[in-house]
Amino acid sequence: MAGHGAVPEDMRTAIIAALPRLRRFCTGLAGNAHDGDDLMQSTVERALSRSHLFEPGTRLDSWLFRIARNRQIDLARTSQRRGAQVAVDDLPDMMGEDGQQTVDNRSDLAAAQRALQAVPEDQRAAFLLVVVEGLSYREAADVLDVPLGTVMSRIARARARIEQVVGRSAGAQP
Amino acid sequence: MNPDFEQRLAAWLDGALPPDEAAAFEAELEADPALAERAANWQVNDRFIADALAPLAQAPVDDVLLARLGLAVAEPRAAALPQAANDNLPWWRRHAIVMGSAVAASMAAVLILSTQAARQPRPDDLSLALETTPSRGTARLADGRTVQPTLTVRAADGRWCREYRMEGGVGLACRDQGRWKVEAKGAGAGPDATAQIGLAGGADGSALDAAYARLGASDPLGADAEAAAMASGWNAR
């Protein structure tokens with residue numbers, strides 16, 4: 001592994017510049033701030049240790065998103081082995097049982113997270129990349145390493161699922 | 001609702017339909033209120049979620065976090081770089097969205113460019129600030145002056161250009177071979193003139209009009225596009 005000392009300065013600067021969006025992507029993917037931070041940390045660690053694999057001239061943010069998504073897949077496998085899977089339909093109630101989450105429930109962020117967590121992970125990743133991070137379908141397809149048509153169908157299914165979960169629309173707020 | 005309609009609706013919302021298909025789809029929506037309502041619902045949901053998540057990308061990236069991530073700057077030279085790249089400003093992205101007061105408050109965030117760097121003003125301090133500071137963020141130069149980038153555009157020749165406020169004036173600099181070179185300066189609103197910097201208009205842009213015309217500048221980038229350009233090291237897409 002290349003030590004951190006081997007990471008070029010401009011790359012470190014670019015990673016720092018990309019951190020806010022990486023944090024948002026990781027938090028949306030993971031479902032809460034704590035797991036999102038863990039995912040971001042794991043992503044950055046991997047990016048730093050593999051900085052030599054980054055292709056100059058390509059988008060660093062996309063590269064980080066790709067690493068994050070792959071780390072998330074690894075983490076999901078681990079938690080499945082632990083039997084920590086949560087039935088999607090139980091999620092809103094479960095979140096209400098936790099003190100911190102109950103406080104957060106008041107916020108739009110918690111409502112958005114509940115909707116997102118009801119969407120299967122691969123669809124959620126596509127949705128976050130395009131709708132929240134503003135990537136094109138082509139860019140999202142590259143990040144997720146799937147055909148363009150797969151991104152299109154995942155995003156459509158994500159939106160249909162969100163619609164189903166939130167009832168008519170999530171925007172029914174004061 | 002059939003999957004074909006859903007995919008076309010999604011692609012239409014994302015601007016991914018070819019023009020003729022988009023026109024045909026819009027005609028379909030006009031002819032069928034139920035479809036149109038569904039399209040509106042999706043759009044509202046998108047916007048709600050994007051808005052709800054926006055603050056996550058605005059929280060400051062502080063030294064503790066950088067240290068935890070192994071990104072803390074150690075070498076003296078690096079001390080001139082921003083310690084935080086925050087305020088990755090929100091919402092003039094695809095959907096125009098009204099900004100809340102919480103966002104206005106977050107604009108007060110100041111990026112300290114250097115506390116330990118050389119006391120002498122460095123000739124490329126401004127360049128460093130423009131390289132790494134999001135629009136509406138503030139960078140403090142080693143000599144104490146502050147710079148506020150206000151917007152980012154693309155010149156007709158492909159260069160990135162950024163308007164900024166500094167020392168009570170406005171300037172426009174374009175990136176050339178890794179350095180931001182000042183193309184024009186003018187009198188304008190000072191950095192304290194407003195708590196909420198104009199989204200697209202910049203400061204008193206009139207001073208820079210000639211330069212903008214000469215450069216054939218594009219419309220200003222949205223915050224996400226700007227962040228993406230910054231993250232890519234200002235590479236051409």
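**Helix packing and the A–B interface**

The axes of H7(A) and H8(A), the latter spanning residues 137-144 of chain A, come within 9 Å of each other and cross at roughly 140°. H7(A) and H8(A) are therefore oblique to each other. An angle has to be over 145 degrees to count as roughly antiparallel. The crossing in which H7(A) passes H8(A) is right-handed. On the H7(A) side the contact is made by A:Ala125, A:Ala126, A:Leu129 and A:Val130, and on the H8(A) side by A:Tyr137, A:Ala140, A:Val143 and A:Leu144. Sorted by class, the residues of this contact are 8 nonpolar, no polar and no charged.

Before going on, please keep in mind that this is a predicted model.

Now the other helix pair. Two packed helices are described by the angle between their axes and the distance between the axes. For H1(A) and H2(A), the axes come within 8 Å and the crossing angle is roughly 135°. That makes H1(A) oblique to H2(A). This crossing, of H1(A) and H2(A), is right-handed. From H1(A), the residues in the contact are A:Ile15, A:Leu22, A:Arg23, A:Cys26, A:Thr27, A:Leu29 and A:Ala30. They meet A:Ala33, A:Asp35, A:Gly36, A:Leu39, A:Met40, A:Thr43, A:Val44 and A:Ala47 of H2(A). The contact of H1(A) with H2(A) has 10 nonpolar, 3 polar and 2 charged residues.

Next, the core. The largest nonpolar core has 96 residues, and the members that touch the most others are A:Ala126, A:Ala140 and B:Ile49. H1(A) gives the largest share of this core, 11 residues. Two of those names have come up already: A:Ala126 belongs to the H7(A) side of the contact with H8(A), and A:Ala140 to the H8(A) side.

On to the interface. How many residues of chain A are in contact with chain B? There are 50 of them, and they are in contact with 45 residues of chain B. The elements of chain A that give two or more residues to this side are H1 (9-30), H2 (33-49), H3 (60-81), H6 (108-117), H7 (121-132) and H9 (148-165). The largest share comes from H1(A), with 16 residues. By class, the side of chain A that touches chain B has 26 nonpolar, 10 polar and 14 charged residues.

One of these elements, H6(A), is mostly covered, with 7 of its 10 residues buried. The buried residues are A:Leu109, A:Ala112, A:Gln113, A:Arg114, A:Ala115, A:Leu116 and A:Gln117.

Last, two backbone details. Most residues other than glycine have a negative phi. A:Asp145 has a phi near 60°, a positive value in a residue other than glycine. A:Asp145 lies in the loop between H8 and H9 of chain A. In chain B, Arg136 is not a glycine either, and B:Arg136 has a positive phi of about 80°. B:Arg136 is found in the loop between helix H6 (125-132) and strand S2 (139-140) of chain B.

Are these two residues buried or exposed? A:Asp145 has 10 other C-beta atoms within 10 Å, so A:Asp145 is exposed. B:Arg136 has 23 other C-beta atoms within 10 Å, so B:Arg136 is buried. The cut-offs here are 12 or fewer for exposed and 20 or more for buried.

Notes: Residues are numbered from 1 along each chain as its sequence is written. Chains are lettered from A and ligands numbered from 1 in the order in which they are written. This is a predicted model: local features need pLDDT of at least 70, side-chain atom pairs count only at pLDDT 80 or more; totals for chains, interfaces and linings use all residues. Two residues are in contact if their C-beta atoms, placed from the backbone, lie within 7 Å. Helices (H or I, at least four residues) and strands (E, at least two) are DSSP runs, numbered from the N terminus. Ala, Val, Leu, Ile, Met, Phe, Trp, Tyr, Cys and Pro count as nonpolar, Asp, Glu, Lys and Arg as charged, and the others, Gly among them, as polar. Axes are lines fitted to C-alpha atoms, for helices over the stretch in contact, and angles run from 0 to 180 degrees between N-to-C directions. Angles under 35 degrees count as roughly parallel, over 145 as roughly antiparallel, 65 to 115 as roughly perpendicular and the rest as oblique. A crossing is left-handed if the near helix is turned anticlockwise from the far one by less than a right angle, and right-handed if clockwise. A nonpolar core is a set of buried Ala, Val, Leu, Ile, Met, Phe, Trp, Tyr and Cys residues joined through C-beta atoms within 7 Å.
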